[in-house]
Every structure is written in C-alpha cells, then in structure tokens.
Amino acid sequence: MKSKVYFTRDLTPEKVVEAYDKLGITLTGKVAVKIHSGEQGNQNYLHPEFWKPMVDKVHGTIVECNTAYGDAAGGVRDNTESHWKLLEEHEWTKYFDVDLMDAEGPDVVWQIPNGKVLKQNLVGKDIVNYDSMLVLAHFKGHPMGGYGGALKQLSIGCASRAGKALIHSAGKTDDRFDTWKMHASPVEFPEAMADAAESVVNHFSGRIAFINVMKNLSVDCDCCVVAEDPCMKDIGILASLDPVAIDQACIDLVMNSDDPGKEHFMERVNSRNGIHTIEAAAALGFGSREYELIEF
C-alpha cells in the first residue's frame with residue numbers, strides 16, 4: 001500500500017494543524033517537537049510564531065541539539081551557552097518549553113545493526129524522556145546534503161554534537177575537531193544520514209509524525225549564517241507518517257513545478273547526491289518512495 005502524504009498549498013499556521021489532523025494520529029505523553037531553530041544571521045528559517053498553533057496542539061516541548069561546527073563556519077550553536085542564548089534571541093523560549101537534548105552528557109547510544117555505513121547513532125540523552133515525536137521540517141536545500149527535510153531532522157537534527165561528527169565522517173570519528181575525517185563521500189554521507197534516521201524512527205515506532213513546509217525555498221539550509229535568498233516561490237505544506245514518502249513528495253513537487261528557479265534548486269540537490277538519502281532510507285525499509293498525494 002502506498003504511503004499517504006497530505007498536501008495543501010495554503011501556507012498558514014492553521015493549515016499546519018489541519019495537515020496534522022489529516023494523519024489520524026494522536027501523539028500522546030510527553031511530545032518532543034523537533035524544529036530547526038535557525039542559525040544566527042539566517043533569514044530563511046521558520047519563526048516560532050509560525051509553528052506555535054501546532055506545538056500548542058500537541059502540548060509539545062521544542063527539542064534541539066548542538067551542532068558539530070562552530071566559529072569556523074560562523075555559527076554559534078556548537079556549544080550550549082551560545083546556543084541557548086540564540087534560542088532566547090529567536091524567541092523559542094518565549095513561546096515554548098525548550099530542551100537542548102545534548103546540553104549535558106553522556107549521549108544515548110543507539111545500535112544500528114543493519115546500517116549501511118553506521119553501526120551506532122549518538123543522540124542527545126534527553127530524547128529518552130519523550131513518549132512521542134513530531135518532526136517539523138522546513139524543506140529547503142542544504143550545502144552538504146543537497147536538501148533538508150524530514151530525514152535530515154531525524155538524523156543530523158537529533159544527533160548530539162558527537163553524533164553529528166559521526167554522521168558527517170561516515171562513522172570514522174565522533175570528534176568534530178578531527179577534520180580530515182569529516183568529509184564523507186557523496187554516497188557514504190547520505191547513507192549515514194539514512195542509518196541515523198532509522199534509529200530514531202525505530203525508537204518512536206508508531207508514535208511519530210512528520211510535517212514538511214515548502215516555504216522560503218533557498219538552496220541553503222537554516223544552519224547557514226549567510227544563506228542564499230529563496231530561488232523558488234513557496235509551494236505548500238505536507239504531512240505524513242512516512243518520512244521517506246514526505247521527502248520524496250517534496251522533491252517531486254519541486255521537479256514538477258513550472259518555477260524557473262527549480263533548475264537551480266535541483267542542481268544543489270543533485271550535485272550533492274541528495275536523493276540518495278531517500279534511496280538509502282527506502283532500502284533500509286523504514287519508509288517508501290511510493291506514495292499517494294492527497295491535496296486538501
């Protein structure tokens with residue numbers, strides 16, 4: 001059976017909630033809401049006001065983890081003190097309870113017995129405090145992964161600082177300063193992301209949902225201090241219980257668009273072998289590239 005992906009072209013906070021309701025799932029207990037908080041200086045990230053009705057709906061806690069990069073990339077999210085300050089500046093703490101899951105160690109180590117590249121994933125330890133997870137992804141491009149969507153939020157997004165280094169190095173090191181090992185091949189890096197994503201999906205099996213918002217469609221990620229401005233018009237909101245299907249649907253909506261900016265966007269995706277993340281995730285069996293797009 002094809003996975004169901006719900007889609008609306010109306011980009012409002014209320015439509016995010018409606019998209020979630022279409023899924024027919026109730027996320028119970030303590031709900032972790034994974035967002036991208038936006039790097040300092042980034043102009044494209046989706047602000048807390050946009051997500052507020054959805055987070056309030058599930059009584060969720062915003063969760064994030066520290067990054068593997070720091071001053072060299074201009075970012076401030078690589079350590080707890082400056083990351084927390086940015087969360088306050090971007091007003092996440094104004095509207096929500098916020099948990100920087102790897103603020104204190106040790107990391108949670110999840111085994112990936114069938115991983116293509118990784119055999120374990122290092123995750124912010126607080127993740128085990130949650131009963132359910134809602135993954136809110138701003139779909140856009142990415143300097144290394146080609147694109148960022150649900151699968152990136154599950155993998156790089158939930159990994160601790162050491163876990164991010166492990167993914168970026170395709171399992172060679174968990175030391176972010178071991179830079180000569182931090183450049184995985186265009187095949188290994190997408191596969192490492194798929195491996196890490198699988199461990200999170202398995203942990204929350206049956207208690208996880210995904211929403212991708214195709215807005216501010218830049219070729220750069222919200223992790224970029226200086227991001228390129230959007231190259232395409234906004235497309236819409238998608239929701240699914242399948243992280244592979246929802247990312248595939250987003251890629252297809254870009255490719256099937258008549259927007260002239262799609263060539264630039266897809267050049268970024270293809271030059272980084274971005275679709276291989278989707279291919280690898282489907283091969284691991286925790287989602288399907290076959291889907292039914294249900295517009296509402």
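Lys181 is partly exposed, at 24% relative accessibility; by that term I mean between 20% and 50% relative accessible area, with buried under 20% and exposed over 50% (1.4 Å probe, protein chains only). Its partner in a salt bridge is Asp178, at 3.5 Å from N to O. A salt bridge here is a side-chain nitrogen of Lys or Arg within 4 Å of a carboxyl oxygen of Asp or Glu. Asp178 itself is buried, with a relative accessible area of 16%.

Before I go on, a word on the source: this is a predicted model, where local features need pLDDT of at least 70 and side-chain atom pairs count only at pLDDT 80 or more, while totals for chains, interfaces and linings use all residues. Side-chain values use heavy atoms, with hydrogens and water left out, and residues are numbered from 1 along each chain as its sequence is written.

Let's look at another pair, Lys94 and Glu91, whose side chains form a salt bridge at 3.8 Å, N to O. Lys94 is exposed, at 56% relative accessibility, whereas Glu91 is partly exposed, at 28%.

Next, please find Asp234 and Lys215, a salt bridge with the closest N and O atoms 3.6 Å apart. This pair links distant parts of the chain: both residues sit in the loop between β10 (208-214) and β11 (236-240), 19 residues apart. The strands are DSSP runs (E, at least two residues), numbered from the N terminus. Asp234 is partly exposed at 38%, and Lys215 is partly exposed at 22%.

Conventions. Helices (H or I, at least four residues) and strands (E, at least two) are DSSP runs, numbered from the N terminus.
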